[in-house]
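I opened the model and kept notes on what I looked up. The entries follow in the order I made them.

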Amino acid sequence: MGASTLMGIGTRAMAANFASLQTVGNNIANANTQGYSRQEVQLETAKGQYTGAGFFGQGVNVATVTRSYDRFLTTQAANTNSLAEADQARLDQLTQLENVLPLGESGIGHAARQVLDAFVDVANNPQDSSARQVVVTRARELAARFQSAGEQLNTLQGGVSQDLRSDIDTVNSLARQVADLNRQISALNGAGHAPNDLLDQRDQLVSQISGYINVTTIEASDGSVGLFIGGGQSLVLGSSTNALVAAADQFDPAKTQLALQEGGIARLVPNNAIAGGRIAGLIRFQNEDLTAARNLLGQLAVAVSGAINQQQALGLDGGQPARPGDPLFSVGTPRTLPSTENAGDATFSLTVSDFTHVQASDYELRFDGTNYALTRLSDGSAVQGSPFDAATLAAGVQVEGLTLQMTAGTAAAGDRFLLQAVGQAAPDMRSVMSDPRGIAAAAAVTSSFSVNNTGTARMASLGVVDAAAYDATQSVRITFNNDTGDYNYDMLDASNTVVSSGTGTWTAGNPILLNGFSLSLSGVPRNGDVIDVAPTTAPAANNGNANAFVALGSSPFIGAQTVGGTLVPGRNITDAYASALSDIGVRVQSARSSAGISATVAQTAEAARANKAGVNLDEEAARLIQFQQSYQAAAKMLQVATSVFDTLLEMTGG
């Protein structure tokens, strides 16, 4: 041992401290670099030299440079950010959706009431053409609002599909970069030192991918990392990648779903397996929120147009001669969409048979090889009467205001069909009447009360309620035979010949239903009182049907249900529109709450990761001074060693 040993120790010390200073400087330079992990030089004691006096140290060696990294915190930060991005993407779309159904005078509910309220002036003066023209104009405005709202929903769908394609392209680009980094990292795996900067870049890319779609990471022995989505499908495996693709929905080509291209085959990724990322938020909005809004709007369009068109058909218009009124509206028809994966060729038709019972939902029809199960998708419940056999469907079944019928072909086991009852009703809604004379203001029947009646009974309302049962060639004479409401009736032809007779009992608050008409009375009839109901002979001045239109405003004809044989009444126009707004509003508030919570959780997780891996400038400044002093001490050691060596040389030379 001698001066040379001391010089070696000093040299190693200077090199170690210089390496530390360099690393600290690199940390300070990258303090604001996104994804950078603080690095630290790992030192180890050099192997000691054995002498007779024991082991003497040989200084210090630089073992490696490590990064401050915690796999759990990094994974947690990526996963929480993935959920936050999903919630925010859904909230952004729901905020746009909320604007489609406005409140107040600009809303559809107000426009629908305006149509029916316009009949007040028609009822006051049925012959006033200007009052009739107002109805036609209001009807045109209502159809335009439904159509506009439906088209806005279609525009939102188009935007979602475009965003999904853009996000998928971004994920594929990021995945290729991860695969390239895997290749570089694997190549350096045998060097014995971790390529910290490459690892940071890869972690940053994985975090960015998680913002678009949640991924599971699995590290391999060669240093590469595999990325998996959808419960096990590989996106990145070593230096190779599988591409995500935007696939058309198997039922509705307007919708976009996520698929993974593997070996030339695009396999759909189950929606319930995509738990996070913008893509998950967009798909959830498309499949749940947008579909619900489209069906709520469609239910309103079908019910409102159905009620008004039906009332039109029950009255007489202002033509010469008068005839039953033609429809004011047309709407989009129901659709039956077979899955692209079906093996059979069965086809089905779907029509609205009772607009009052139509629900705001799509349906799925699934064939198990024997029977067809029909499921209401809005709540996942089986439709009453389901499952159905092929013979029953071939004859046609009535379900929730719809008629479903197999029209041709044969289904194979596993075949599925999406039934869109009202999804296309609003965007295809049109006002189909332009002539104000076409407004059916007159009732098809008129009542008269005998002047000899002793009771106080008067007509409260009268109109045809069942066009199929009404016979316009017959009149009805009702004769009360006691004071408790019992009556006899005679059906008379044009020559007043009795063609049929019967009996009935009137009770207060309940109408008399005969020959397809409904007669409601105010007051009380007495024994011997006579009421005649005959086809209207002077429709120009009659306002019976106009009054019935006005009454529609408070009638609960939207969304009725029959549960276990019991009728559950629907809602009127105002309540139904308010309920639709409430449904959308609840979704928006729930999404806003979820987005706020998940964003806070993500920020907390990222702060925890940053506290572990981030650069603290105060700490680095202190370490800079520490290593500077250590470097200066090592330099002093070399100076002393040099002085000792010079002294030895002088002594030897002397």
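This is a predicted model: local features need pLDDT of at least 70, side-chain atom pairs count only at pLDDT 80 or more; totals for chains, interfaces and linings use all residues.

Which residue in β21 is the bridge partner of Val 352? I looked it up and found Leu 402.

β15 pairs with strand β21, residues 402-408, in the antiparallel sense, and the pairing runs over six bridges. I then traced the sheet itself, which is open and has three strands in the order β15-β21-β20, with antiparallel pairing. I noted β15 (347-352) and β20 (397-399) as the edge strands, since each pairs on one side only. For the twist I wrote down an average of 30 degrees from one strand to the next.

I turned to helix α5, residues 129-187, and helix α7, residues 278-314. Their axes come within 10 Å and cross at roughly 165 degrees. The cut-off for roughly antiparallel is an angle over 145 degrees, and α5 and α7 are therefore roughly antiparallel to each other. I logged the handedness of the α5 and α7 crossing as left-handed. I also sorted the residues of the contact of α5 with α7 by class: 19 are nonpolar, five polar and four charged.

How many salt bridges does the count come to? I have 22 salt bridges in my notes, and I looked at some of them one by one.

I began with Asp 203 and Arg 67, whose side chains meet in a salt bridge at 2.9 Å, N to O. Asp 203 belongs to helix α6 (residues 196-212) and Arg 67 to strand β4 (residues 60-67), so this pair ties together parts that are 136 residues apart in sequence. I checked the accessibility of Arg 67 and got a relative accessible area of 15%, so Arg 67 is buried, the cut-off for buried being under 20%.

My next pair was Asp 289 and Arg 90, a side-chain salt bridge at 2.7 Å, N to O. Are the two partners buried or exposed? I found Asp 289 at 0% relative accessibility, which counts as buried. Arg 90, at 8% relative accessibility, counts as buried too. I also found that this pair belongs to a network of salt bridges that links Arg 90, Asp 289, Asp 583 and Arg 587.

I then took Asp 326 and Arg 323, which form a salt bridge with the closest N and O atoms 3.0 Å apart. I recorded Asp 326 as partly exposed, at 37% relative accessibility. Arg 323 is partly exposed as well, with a relative accessible area of 40%.

Where does Asn 616 lie? I placed Asn 616 in the loop between α10 (573-613) and α11 (617-653). Last, I took the C-alpha to C-alpha distance from Asn 616 to Ile 283, which is 40 Å; in sequence the two are 333 residues apart.

Notes
Residues are numbered from 1 along each chain as its sequence is written. Side-chain values use heavy atoms; hydrogens and water are left out. Axes are lines fitted to C-alpha atoms, for helices over the stretch in contact, and angles run from 0 to 180 degrees between N-to-C directions. Helices (H or I, at least four residues) and strands (E, at least two) are DSSP runs, numbered from the N terminus. Angles under 35 degrees count as roughly parallel, over 145 as roughly antiparallel, 65 to 115 as roughly perpendicular and the rest as oblique. A crossing is left-handed if the near helix is turned anticlockwise from the far one by less than a right angle, and right-handed if clockwise. Ala, Val, Leu, Ile, Met, Phe, Trp, Tyr, Cys and Pro count as nonpolar, Asp, Glu, Lys and Arg as charged, and the others, Gly among them, as polar. A salt bridge is a side-chain nitrogen of Lys or Arg within 4 Å of a carboxyl oxygen of Asp or Glu. Buried means under 20% relative accessible area, exposed over 50%, partly exposed in between (1.4 Å probe, protein chains only). Two strands pair if DSSP finds at least two bridges between them.
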